[in-house]
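Subject: Structure handover

Dear colleague,

Here is the structure for your files. My notes on it follow below.

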Amino acid sequence: MPPWLQTPPGRYLLAWERARIEAHVADVFGFHALQLGLGELDALHANRMPHRWLALPGAHVAPAAPEGMMPHAELPAAAGPRRPALCCDFDALPFPSQSLDLVVLPHTLELARDPHQTLREVERVLVPEGRVVVLGFNPASLWGARQWSGRWARRIGLLHTDARGYLPQAAEPIGHRRLRDWLRLLGFEIEGGSFGCYRPAWRTQSWLERWAWMEEAGDRWWPVFGAVYLLSAVKRVRGMRLIGPAWKKARKPRAAPAVVSQKHPREPSVEARRERIPELSGDDA
């Protein structure tokens, strides 16, 4: 995929992704953030976490990676995630469970050998309320239609088998709705997302610029048919109860003094006794 990103459509894609992903990771707080794959995109540049890492697939070599890098090792924030920190298999991440606050997957699932297991690993290493951001190609788009038609043309012999497609050959696009279902099954809650790159599948920069008007029109009239999509989801843990610190101890209620009634009531006065005696009438007398 890196050679394709140097082409005009690849640079057009990276420009859109850099602008959109900054808005989704800038305000995510925590201590540890991880980007899986695609070192050409600095996805964690706008994030302010003290520890930000870039992980590449096991087949890559990371000469700049510090020796003995562990999930909780110190890494200066100024280094940025463009320097590879470790190489590993994305379906077996070398991080403890519930140790990361943010994971970014820029076209990682499309290039993974097992996208389901990769998502399970992401869910495992994320803390409760942790966030995952996924970038992917949309098969229901002009770019996806051209890629699909090119594959069928090569199968039936209309094109040479070595003819390159429009999208990277190793990429297997995952539908937007399909990915949402995968995330929900793992306990994620979708919180946001967007589509982009509505221009037709041209290979030259001049033709891409001629169709720049489709960006605004596509975002308004056919937003779900963008060539690329972004999904942001939060890991929810059902039944979890947050208990705050006990700053003050509850005071015991004081016992109220008991009210004792008088055993010997006071004798009524002479005036009161006189009022009780009925006056005798003349007949009674």
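Of the 285 residues in the chain, 42% are buried (under 20% relative accessible area with a 1.4 Å probe, protein chains only; exposed is over 50%, partly exposed in between). This is a predicted model, in which local features need pLDDT of at least 70 and side-chain atom pairs count only at pLDDT 80 or more, while totals for chains, interfaces and linings use all residues. Residues are numbered from 1 along each chain as its sequence is written, and side-chain values use heavy atoms, with hydrogens and water left out.

Confidence: the average pLDDT (the predictor's confidence in each residue, from 0 to 100) is 78 for the chain, and 69% of the residues score at least 70. Over residues 61-81 pLDDT stays under 50. For that stretch the model has 42 contacts (heavy atoms within 4.5 Å) beyond four places in sequence.

Fold: the chain has 9 helices and 7 strands (DSSP runs numbered from the N terminus: H or I of at least four residues for helices, E of at least two for strands). An open sheet of 7 strands is ordered β3-β2-β1-β4-β5-β7-β6, and its pairing is mixed (two strands pair if DSSP finds at least two bridges between them). β3 (84-87) and β6 (188-196) are the edge strands, each pairing on one side only. On average, neighbouring strands of this sheet are turned by 20 degrees against each other, direction ignored (axes are lines fitted to C-alpha atoms, for helices over the stretch in contact, with angles from 0 to 180 degrees between N-to-C directions).

Strands β1 (residues 32-36) and β4 (residues 100-106) run parallel and are joined by 3 bridges; Ala33 has Leu102 in β4 as its bridge partner. Helix α2 (residues 8-25) packs on the sheet, where it touches β4, β5 (126-137), β6 and β7 (228-235), and its direction makes about 20 degrees with that of β7. Helix α4 (residues 115-125) lies across β1, β4, β5, β6 and β7 and runs at about 150 degrees to β5.

Cores: the largest nonpolar core has 31 residues (a set of buried Ala, Val, Leu, Ile, Met, Phe, Trp, Tyr and Cys residues joined through side-chain atoms within 4.5 Å). Leu36, Phe95, Val103, Leu105, Val132, Leu179 and Leu183 have the most contacts inside it. Leaving out residues up to four places away in sequence, Leu179 touches Leu109, Leu119, Val134, Ile174, Tyr229 and Leu231. A second, separate core of 30 residues includes Leu5, Ala43, Leu135 and Val228.

Regards
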